[in-house]
Amino acid sequence: PSYLDAWGTPAEVGDLAHHDCLTYGYAAQPDACPIDGEALRVRGFLRANSSEAVMRAMRGGLGIALLPHIQVKEDLERGLIRRVLPDARIP
């Protein structure tokens with residue numbers, strides 16, 4: 001929530017281009033994220049090969065992350081993190 005309070009909550013997928021996105025993966029460059037049928041490239045200072053590292057950075061207010069629901073469910077329920085773009089289709 002602290003990141004969103006400071007930088008605003010994206011209202012649509014294109015708004016992610018103006019946010020720090022924390023990404024997960026093994027390649028040196030992030031793959032495009034398939035959101036709403038488009039291959040979206042995001043920017044951010046953190047790319048990790050550990051979803052736990054991405055989760056900790058997100059909890060710390062360092063940016064927006066795309067993580068599996070099962071990993072974030074408890075934090076969402078407790079209000080520790082916020083869901084953004086709830087209507088976006090992400091395969």
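Residues are numbered from 1 along each chain as its sequence is written, and side-chain values use heavy atoms, with hydrogens and water left out. In this predicted model, local features need pLDDT of at least 70 and side-chain atom pairs count only at pLDDT 80 or more, whereas totals for chains, interfaces and linings use all residues.

Helix H2 spans residues 51-59, and Val54, Met55, Ala57 and Met58 within this helix are buried; here buried means under 20% relative accessible area, exposed means over 50%, and partly exposed lies in between, with a 1.4 Å probe and protein chains only. Helices (H or I, at least four residues) and strands (E, at least two) are DSSP runs, numbered from the N terminus. The buried residues of H2 pack against strand S1 (21-24), strand S4 (47-48), strand S5 (64-65) and helix H3 (69-78), where contact means heavy atoms within 4.5 Å. Just after H2, Gly61 adopts a positive phi of about 80°.

The largest nonpolar core comprises 13 residues, and those with the most contacts inside this core are Val13, Leu16, Ile35, Leu40 and Ile64. Helix H1 (2-7) and strand S2 (33-35) each contribute at least two residues to this core. A nonpolar core is defined as a set of buried Ala, Val, Leu, Ile, Met, Phe, Trp, Tyr and Cys residues joined through side-chain atoms within 4.5 Å. When its neighbours within four places in sequence are left aside, Val13 is in contact with Ile35, Asp36, Leu40, Leu85 and Ala88. A second, separate core of nine residues includes Ala48, Val54, Met58 and Leu67; of these, Val54 and Met58 are also listed with the buried residues of H2.

Two aromatic pairs are present in the structure. One of them is formed by Tyr24 and Tyr26 in an edge-to-face arrangement, at 6.0 Å centre to centre and with 70° between the planes. Rings of Phe, Tyr and Trp (its six-membered ring) pair if their centres lie within 6.5 Å, and planes under 30 degrees apart count as stacked, over 60 as edge-to-face and the rest as tilted. Tyr24 counts as partly exposed because its relative accessibility is 41%, whereas Tyr26, at 65% relative accessibility, counts as exposed.

Side chains of opposite charge can pair when their charged atoms come close. The structure holds seven salt bridges, a salt bridge being a side-chain nitrogen of Lys or Arg within 4 Å of a carboxyl oxygen of Asp or Glu. In one of these, the side chains of Arg82 and Asp5 meet at 2.8 Å, N to O. This pair links distant parts of the chain, with Arg82 in the segment after H3 and Asp5 in helix H1, 77 residues apart. Arg82 is partly exposed, with a relative accessible area of 41%, while Asp5 counts as exposed at 57% relative accessibility.

Arg43 and Asp20 also meet through their side chains in a salt bridge of 3.2 Å, N to O. Here, too, distant parts of the chain are linked, since Arg43 lies in the loop between strand S3 (38-40) and S4 and Asp20 in the loop between H1 and S1, 23 residues apart. Arg43 is partly exposed, with a relative accessible area of 42%, and Asp20 is partly exposed, with a relative accessible area of 24%.

A further salt bridge joins the side chains of Asp36 and Arg89 (3.8 Å, N to O). The pair links distant parts of the chain, Asp36 being in the loop between S2 and S3 and Arg89 in the segment after H3, 53 residues apart. At 30% relative accessibility Asp36 counts as partly exposed, whereas Arg89 is exposed, with a relative accessible area of 54%. Asp36 is also among the residues in contact with Val13.

Leu76 lies in helix H3 and is partly exposed, with a relative accessible area of 26%. Not counting residues up to four places away in sequence, Leu76 touches His69, Ile81, Arg82 and Arg83. In strand S1, to which Thr23 belongs, this residue is buried, with a relative accessible area of 12%.
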